[in-house]
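Please look at the sequence and the fold below. A short walk through the structure follows.

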Amino acid sequence: MTVITIEQLPARLANGRTLAGLDLGDKTIGVAVSDRGFSFAHPRPVIIRRKFSLDAAVLLALLTKENVGAVAIGLPINMDGSEGPRAQKSRAFVRNMARLSDLPFVFWDERLSTVAAERTLIEMDFSRAKRAGKIDSAAAAFILQGVLDRLQSLDAADRTGPDPSSDA
């Protein structure tokens, strides 16, 4: 298992593979999975955290079932761009997963993803209780959709070539 860049993702997603997104919380792991066309993020039920070995087994079974070729994991970076304890927990989670799987991981800046996910659920008129059960998977979908949108823009740039108005 390796940590890769977003530019390396397309090579890992051939042959009908999908891309997963994760939002790590202290009590749950939010999960979302892309469609095979890499256009949309679809939330999946949260994984209730118990113990790393159990959490990893449930997660790996889900990723296998969904034919996942890579995983985008939210990296909770502070608003000033620094990494705090939560970011270190995400990095440690990926290091621990490396012992169990060859799936590559991509870190994605998740600043404000939970806030955006909660606003969306409020706009959809979910009650506070229902939001609590869906927020982490909604945040995972928000993270994954950001990655998918970035992949689409990279693909479009590859098809059209460099921007003639840029100085590069």
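Which residue in E4 is the bridge partner of Leu22? The partner is Ile73. This is a predicted model, so read each position with that in mind.

Strand E1 covers residues 18-24, and strand E4 covers residues 68-75. They pair in the parallel sense, over five bridges. In general, the strands of a sheet pair through backbone hydrogen bonds, either parallel or antiparallel.

Now widen the view to the sheet. It is open and has five strands, ordered E3-E2-E1-E4-E5. The pairing across the sheet is mixed. Strand E3 (41-48) and strand E5 (105-109) are the edge strands, and each pairs on one side only. From one strand to the next, the twist averages 25°.

A helix packs on this sheet: H3, residues 85-98. Helix H3 touches E1, strand E2 (28-34), E4 and E5. The direction of H3 makes about 160° with that of E4.

Is Glu66 buried or exposed? Its relative accessibility is 17%, and the cut-off for buried is under 20%. Glu66 therefore counts as buried.

What does Glu66 touch, leaving aside its neighbours within four places in sequence? Glu66 is in contact with Thr18, Val33 and Arg44. Ala20 lies 46 residues from Glu66 along the chain, yet the C-alpha atoms of the two are separated by 8.6 Å.

Technical notes. Residues are numbered from 1 along each chain as its sequence is written. This is a predicted model: local features need pLDDT of at least 70, side-chain atom pairs count only at pLDDT 80 or more; totals for chains, interfaces and linings use all residues. Side-chain values use heavy atoms; hydrogens and water are left out. Two strands pair if DSSP finds at least two bridges between them. Helices (H or I, at least four residues) and strands (E, at least two) are DSSP runs, numbered from the N terminus. Axes are lines fitted to C-alpha atoms, for helices over the stretch in contact, and angles run from 0 to 180 degrees between N-to-C directions. Contact means heavy atoms within 4.5 Å. Buried means under 20% relative accessible area, exposed over 50%, partly exposed in between (1.4 Å probe, protein chains only).
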